[in-house]
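Colleague: Can you walk me through this one? I would like to know how to read the contacts between chains.

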Amino acid sequence: MELIPTFDFKSFLTAPWIDGGWESSIWIVIMGILVNTACGLVGNFLVLRKMALVGDAISHSLLPGIAIVFLLSNSRSTGLMVAGALAAGLVTVWLIEFIHKKTRVKEDAALGVTFTTLFAIGVILISVFADHVDLDLECVLYGEIGFIYFDDSLPLIGIEVPWPVLQMAGALLLVTALLLLFYKELLVTSFDSGLATSLGIPVSWAHYGLMMVLSLVIVFSFESVGAILVIAMLIMPSVTSALLSERLPNILRLSVVFAALYSIGGLHLATWLDCSPAGAMVVCGFLLFCLVWLVSPRRGLILLWVKKLKARGQLESPSLP
Amino acid sequence: MIKRSRLCASLALGITSFLVLTGEIHAAKISEISDSHLIEQFVRFFSFKDPSVRYAVLGSLLLGTCCGLLGSFIVVRKLALMGDTLSHAVLPGVALGFLWTMTKDPWAIFIGATIAGLLGTVVVHWIHTTTHIKEDSAMGLVLSGFYAIGICLFTMIQRLPTGNKAGLDKFMFGQAAALGSDDLWMIAIVTAAAGFLILLLYKEFLVTSFDSQFASAIGLPANFIHYLLMLLLAFSVVIGLQAVGIVLISAMLITPAATAFLLTDRMHRMLLYASLFGMCSGLLGSFFSYLGNSLPTGPFMIISASMLFTLALLFGNRYGIIPRKLRHLNRTHRIQIENTLKAIYRIREKSHFKEEAVSIQQFGEQRNLPIIEAEKEVKRLIKERYVTLSKSNLDEFNQSQLIYLTPSGWKTACRIVRNHRLWELYLTESAQYEPDHVHDDAEEIEHILGEATVRELERRLDFPTVDPHGKLIPSIIDLGDGHKAN
């Protein structure tokens with residue numbers, strides 16, 4: 001068996017929809033779009049605040065929160081999981097700030113120490129109490145977007161909708177509603193916290209609120225894409241859109257488009273290469289980023305090179321008046 | 001210091017080669033040992049009878065040293081998260097290294113992973129310099145993008161006929177027990193190389209870490225040093241894969257170094273401490289993972305390192321939270337006592353030192369405190385043996401307690417008043433302050449001035465006797481014996 005199957009454009013386009021049964025494919029795509037959109041929307045504000053790696057930190061440190069809740073309750077209820085995740089997220093943010101402010105340790109090191117410690121605690125809990133914690137490390141690392149469906153589903157207007165998709169849709173609705181509701185506050189606090197303070201917007205509330213929303217999004221995306229790949233879902237749509245536009249509303253819209261592209265492209269890639277769908281979505285996102293980076297009409301590399309060449313040409317043959 | 005670390009390095013190398021040469025090659029897997037008693041396990045672990053234990057311990061010790069040394073530089077350069085990025089970015093390299101030979105050949109994986117890691121740092125640099133994307137986003141992008149490529153490759157390898165048994169997933173969280181002699185040699189070589197390069201280029205590393213512009217100005221190749229450090233970092237990440245795992249190796253770089261950063265201000269000491277902490281966490285981590293048969297090593301090493309960090313954070317002599325809080329409380333306490341003594345001095349001064357005793361009422365009025373508060377303050381002084389109390393028996397209706405200064409109380413009071421007034425005089429005479437502007441300043445500095453400074457002030461002001469407000473400055477004689485000549 002070969003590692004990389006031969007590339008056939010027609011089968012690349014059609015394979016997910018013919019061979020494997022289009023039903024599971026469509027749910028994977030829908031789930032992917034939901035996850036990517038929710039993460040992408042929140043991620044925009046993280047990137048603006050230069051907190052991209054805080055997303056990384058929280059996505060790792062939710063693990064002990066979830067593990068402890070599962071362990072104590074011996075169940076797998078969604079409400080408890082969300083509560084554990086929110087608590088873990090807040091503890092992480094608080095710990096990072098505490099170490100950073102109370103000691104001479106810089107913010108980056110504080111972040112690194114905090115999330116690795118919490119993640120290590122989570123991994124130990126899961127591997128020691130493997131029988132009691134319904135969560136495996138494979139899922140944390142790779143994500144299981146490919147085969148969590150149809151375990152239990154809910155009939156909804158004649159269609160059997162898998163439960164995780166419903167949950168994710170709910171989370172996406174909630175996140176979108178919250179972001180729309182507090183859009184102005186988030187915008188001002190992200191760009192100019194001094195102005196925000198003078199306008200009477202509680203900056204630290206906005207900060208902690210955003211962190212709560214982030215924890216919420218991550219905990220729902222956790223099972224589908226895993227703790228590490230979720231960072232890509234947070235950062236990539238936003239960063240790629242930022243290469244194409246400079247207005248935040250446009251960037252937000254573009255990141256939704258990219259979220260959908262990642263999901264569909266990822267599925268096709270995964271079917272062709274027969275690899276992890278979550279990983280393939282991120283690879284697709286990374287490739288799209290590289291493409292945009294190269295050809296973006298505003299800040300693309302090609303544009304940069306052309307400008308450089310032109311400038312050099314002007315230097316070599318100065319035209320006299 | 002340099003001598004000491006050279007000694008340490010050669011010692012470590014010596015022990016390594018000794019153990020490798022004498023150890024049997026066919027190591028029993030740690031997980032096969034079925035002792036259940038804790039003490040037996042403990043003895044068994046620390047007697048180093050099993051070759052696999054020996055490998056695990058040596059590997060962890062050396063790895064801790066290496067990570068501590070390199071981590072110190074990335075922590076002071078505020079590049080801590082570059083370690084994290086690098087460690088995730090090596091994943092596709094590991095997979096490609098595996099595909100190259102189709103076995104878990106450490107050298108192929110080493111080369112593949114190093115190339116992938118370096119490529120990751122270069123891409124971060126490119127994104128950062130050619131676009132307006134901030135560095136943290138660029139790092140997140142590369143981290144997750146490369147990691148995803150690695151994940152895809154891994155899942156593709158797993159469906160190959162040989163892939164299932166490859167055990168590549170051990171690279172995720174590490175298994176020190178699976179260290180082979182090849183791995184050990186690699187760890188030893190990288191550690192030795194890192195130690196050697198840091199010794200050789202210590203000055204260059206130091207200057208570029210703290211002031212890269214200055215380094216460029218004096219002609220040091222700052223960029224070269226940066227990429228050399230990145231190369232060494234990539235090496236250390238790669239050698240840590242087997243023992244600590246991809247996900248947590250960055251913590252081995254950051255945490256011991258951050259712990260050392262809490263304890264010292266000198267770079268060479270930081271290097272020494274960080275490598276010691278790294279060794280400790282490595283040892284403890286491999287021990288704990290030995291106890292719980294075949295648990296992953298990485299998380300336990302990180303937990304050990306984090307425990308050390310927490311200890312340093314709380315109790316570290318200079319920057320620890322508790323000692324600092326205690327020092328702060330101590331200082332506040334002392335300042336309060338000194339202010340109380342000063343108030344008593346002022347009251348006595350009003351009567352030209354004719355009245356030996358000061359009543360609590362008087363004291364309360366002077367300090368603007370209600371009687372209860374005033375009594376509390378006086379109790380503090382009694383505890384420090386600065387004053388004694390006695391009941392006045394002059395008037396039974398207006399009974400009040402009288403405060404008497406002890407010799408040491410008197411001396412301290414004189415010292416503080418002297419500091420205060422000399423400073424006021426100094427500000428008016430030498431700094432042309434207005435006499436009514438100097439009090440607040442003196443109120444702060446009086447608690448800090450040391451005896452030598454005060455003598456110097458006195459000398460400069462030509463041994464004055466009165467302050468700008470016309471009050472007498474207590475002289476050095478007042479500090480010597482117990483009583484002011486009145």
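This is a predicted model: local features need pLDDT of at least 70, side-chain atom pairs count only at pLDDT 80 or more; totals for chains, interfaces and linings use all residues.

Colleague: How many residues of chain B are in contact with chain A?

Modeller: On chain B there are 61, and they touch 60 residues of chain A; contact means heavy atoms within 4.5 Å.

Colleague: And what area is buried between them?

Modeller: About 5300 Å², with carbon and sulfur atoms giving 78% of that. Buried area is the accessible area (1.4 Å probe) that two parts lose on being put together, summed over both. B:Leu81, B:Leu141 and B:Arg159 supply 12% of what chain B buries against chain A, more than any other three residues.

Colleague: Which side chains meet in a salt bridge there?

Modeller: The rule finds 1 salt bridge across the interface, between A:Arg104 and B:Asp265, at 2.9 Å from N to O. The rule asks for a side-chain nitrogen of Lys or Arg within 4 Å of a carboxyl oxygen of Asp or Glu.

Colleague: Switching to helices. How do α5(A) and α4(B) cross?

Modeller: Their axes come within 7 Å and cross at roughly 50 degrees. That makes α5(A) oblique to α4(B), the class left after under 35 degrees (roughly parallel), over 145 (roughly antiparallel) and 65 to 115 (roughly perpendicular). Axes are lines fitted to C-alpha atoms over the stretch in contact, and angles run from 0 to 180 degrees between N-to-C directions. Helices are DSSP runs (H or I, at least four residues), numbered from the N terminus.

Colleague: Which residues meet there?

Modeller: From α5(A), A:Asp108, A:Ala109, A:Leu111, A:Gly112 and A:Phe115; from α4(B), B:Ala80, B:Leu81 and B:Asp84.

Colleague: Back to salt bridges. How many over all chains?

Modeller: The structure holds 16. One joins B:Arg334 and B:Glu338, with the closest N and O atoms 3.0 Å apart. These two residues are 4 apart in helix α16 of chain B, so about one helical turn separates them.

Technical notes:
Residues are numbered from 1 along each chain as its sequence is written. Chains are lettered from A and ligands numbered from 1 in the order in which they are written. Side-chain values use heavy atoms; hydrogens and water are left out.
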